Amino acid sequence: MNNPFADVTAVQAALADQGYVADRALATAVFLAMALERPLFLEGEAGVGKTELAKALAKAVGRPLVRLQCYEGIDREHALYEWNYPRQLLHIRVREATGLQAADGERAAAGLEEEIFSPAFLLRRPLLQAVDPDGPAPVLLIDEVDRSDEEFEAFLLELLGEFQVTIPELGTIQAEEIPLVLLTSNRTREVHDALKRRCLYHWVEYPDFEREYAILTTHVPSLARDVAEAVCRFVQRLRQEPLMKRPGVAETLHWGAALAALSASELNPDRVEETIGCLIKYKDDLDLLLTPQQGRKPVARLLAEAGGI
């Protein structure tokens, strides 16, 4: 895919137009991935904006987004293509019912086989859609690759090296334009070094206060500015606690939207406790924050340390 951006600043500006606030390092990684036509491997905690980057980038470059959601047990058939067997069977029965097969023995059988193994009976999964798109090359998001197994990783390694697919019945399909590929990992397990070497690598950190404030006010403009500032300071302080799952940007946006819906004009311990389910998803973390210690709940202490009441 041709790189439409003149420099890193242009990448930041284009992403900002789509509501994605990227720091300089991330914008540089995106620019280089496009300039060098190499996949970009994004690793980081869940909820830091990896998937959203792919969505914003697709809009920024005016290309469709093709997403492959990885999961345990995914194989190449579910990622690449499958034959539509029910439709093939129905087609065979229709041909038998019309008597066309009987009209000319072997030739009819060969013709029928050619028909049912044609593109009309092919179910194109995300990877084939990326290699052989109907229109321009898309942005391909291979999401949460750490959920797949090593065999599937090896298949991806081969695909990302050649950008071609061989279908025995149809032949080899080579990508006319290399798509922009983003792979994400929440690091639930280590992805093999060979796959990382094929890509540019970038670790996506939690945003600092200034960037998180910019993200929140961009996506939840109805939230009062002083409340948005208090939200970001509290979330930044909360991430320093030994939680099972620290809140990501997605949780910050969810919380901000909830507070805006409640027309919150300030952030106090009662308001935080009422809405903390937007931020915290584990019972152990709730106990850590809400169980009184020396007559005071930790959540109130954290809010005070963050500059709230």
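These are my notebook entries on a predicted model of one protein chain.

**Confidence.** I started with the pLDDT values. The chain averages 91, and 96% of its residues reach 70 or more. I then went through the elements: strand E1 (residues 40-43) has the highest mean, 97, while helix H6 (residues 100-103) has the lowest, 54. I will read H6 with that value in mind.

**Overall build.** I counted 16 helices and nine strands in the chain. The radius of gyration came out at 25 Å, whereas the globule rule gives 19 Å for 309 residues, so the chain is more spread out than a compact globule. Its C-alpha trace spans about 90 × 45 × 35 Å along the principal axes.

**Contacts and burial.** I looked at contacts between residues at least 6 apart in sequence, and 73% of these join residues at least 24 apart. Buried residues account for 45% of the 309.

Most residues other than glycine have a negative phi, and I noted two exceptions here. Glu37 has a positive phi of about 55° and sits in the loop between helix H2 (24-36) and E1. Phe163 has a positive phi near 50°, in the loop between helix H9 (150-162) and strand E6 (164-167).

Which of the two is buried, and which is partly exposed? Phe163 is buried, because its relative accessible area of 7% is under 20%. Glu37 is partly exposed, at 40%.

Note on methods. Residues are numbered from 1 along each chain as its sequence is written. This is a predicted model: local features need pLDDT of at least 70, side-chain atom pairs count only at pLDDT 80 or more; totals for chains, interfaces and linings use all residues. Side-chain values use heavy atoms; hydrogens and water are left out. pLDDT is the predictor's confidence in each residue, from 0 to 100. Helices (H or I, at least four residues) and strands (E, at least two) are DSSP runs, numbered from the N terminus. Buried means under 20% relative accessible area, exposed over 50%, partly exposed in between (1.4 Å probe, protein chains only). The radius of gyration is taken over C-alpha atoms; the globule rule is 2.2 Å times the number of residues to the power 0.38. Contact means heavy atoms within 4.5 Å.
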